[in-house]
Amino acid sequence: LRSVGGDELNVAVALSLLGVKSKWVSVVPKGPLGQAVMSCSEISPLLHISGLTNVEGDLGIFTVLPESKSVHYQRSFSAFARCADQLRWPVELGDASTASWFHVSGITPLLGDPAKKSWLAALQQARHLGLPTSLDLNWRKQLGTLSDLWSIVMPVLDTLELLILSVDQLQGLAELLGTDLSAADDDAFFAVMSRLQQKVKC
């Protein structure tokens, strides 16, 4: 059973199915797996796939292991992880008249230096254009610690309009902020969310 996905691609597909013109920018390798990803553009005429395509390398994949109730990721040597810094964000994002929102995830900057460099360049370009930007933190412990990810995210928080967190991620960030939410009620969660919003200004 094969399923094509990924945070940013899922968002682009969902928006296109809701009638919103969307563009997904990435690095897609040549071969049958890359073709499977490119075929996602057939889901909706409003979805456009851009970036580097037909590149030498592998596709980032994850395998569900039901016997251990876990997921195994193979991303470190993917075409994206190796070549993401070759993406030309001024070209991909165009000018302020061609885009209305930009979305990224926290998975990308932990994939290695090229991916991190590209991620930071994309955020800088979006800020230059005045594009509202959302970040789904989407922390994956297999890629690094939450503290590692947050140290990368903190300096760019002022570029964000929206920060998306899971309950587990909110608990982890609360600990980084010196608050224990392990046995908290809704009021405590809202209090930490308010503290975080004041701190990050998004």
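Two strands are said to pair if DSSP finds at least two bridges between them. In this predicted model, strand E1 (22–29) and strand E2 (residues 47–55) are joined by eight bridges and run parallel. Within this pairing, valine 28 stands opposite threonine 53 in E2. Seven of the eight residues of E1 are buried, so E1 is largely enclosed by the rest of the structure.

**Helix H1**

Helix H1 covers residues 7–17. Its buried residues include Asp7, Leu9, Ala12, Val13 and Ser16. The partners against which the buried residues of H1 pack are E1, E2, strand E5 (102–105) and strand E6 (133–136). An α-helix has 3.6 residues a turn, so residues three or four places apart point the same way.

Serine 16 belongs to this helix. With a relative accessibility of 3%, serine 16 falls under the 20% limit and therefore counts as buried. A polar atom of its side chain lies 2.7 Å from the backbone oxygen of valine 13. Not counting residues up to four places away in sequence, serine 16 touches Ser22, Ser44, Leu46 and Leu47.

**From H1 to E1**

Glycine 19 follows H1 and has a positive phi, near 95°. The loop between H1 and strand E1 also holds valine 20. Valine 20 has a relative accessibility of 36% and counts as partly exposed. Together with Leu15 and Leu18, Val20 makes a nonpolar surface patch of about 270 Å².

**Beyond E1**

Lysine 30 is placed in the loop between E1 and helix H2 (32–38). Its relative accessibility is 37%, which means that lysine 30 counts as partly exposed. Although lysine 30 and glutamate 56 are 26 residues apart along the chain, their C-alpha atoms are separated by 6.1 Å. The side chains of these two residues are joined by a polar contact of 3.1 Å. Leaving aside neighbours within four places in sequence, the residues in contact with lysine 30 are Asn54, Val55 and Glu56.

| Residue | Relative accessibility | Class |
|---|---|---|
| Serine 16 | 3% relative accessibility | buried |
| Valine 20 | 36% relative accessibility | partly exposed |
| Lysine 30 | 37% relative accessibility | partly exposed |

Key. Residues numbered from 1 in each chain as written. Predicted model: local features only at pLDDT ≥ 70, side-chain atom pairs only at ≥ 80, totals over all residues. Heavy atoms only, no water. Helix = DSSP H or I, 4+ residues; strand = E, 2+ residues; numbered from the N terminus. Buried < 20%, exposed > 50% of the residue type's maximum accessible area, 1.4 Å probe, protein only. Polar contact = N/O pair within 3.5 Å; in protein donor to acceptor, adjacent residues only side chain to side chain. Contact = heavy atoms within 4.5 Å. Patch = residues over 30% accessible without salt bridge, like charges linked within 9 Å, V, L, I, M, F, W, Y side chains within 5 Å. Areas by Shrake-Rupley, 256 points an atom, 1.4 Å probe, with all protein chains shown as cover. Salt bridge = Lys/Arg side-chain N within 4 Å of Asp/Glu carboxyl O.
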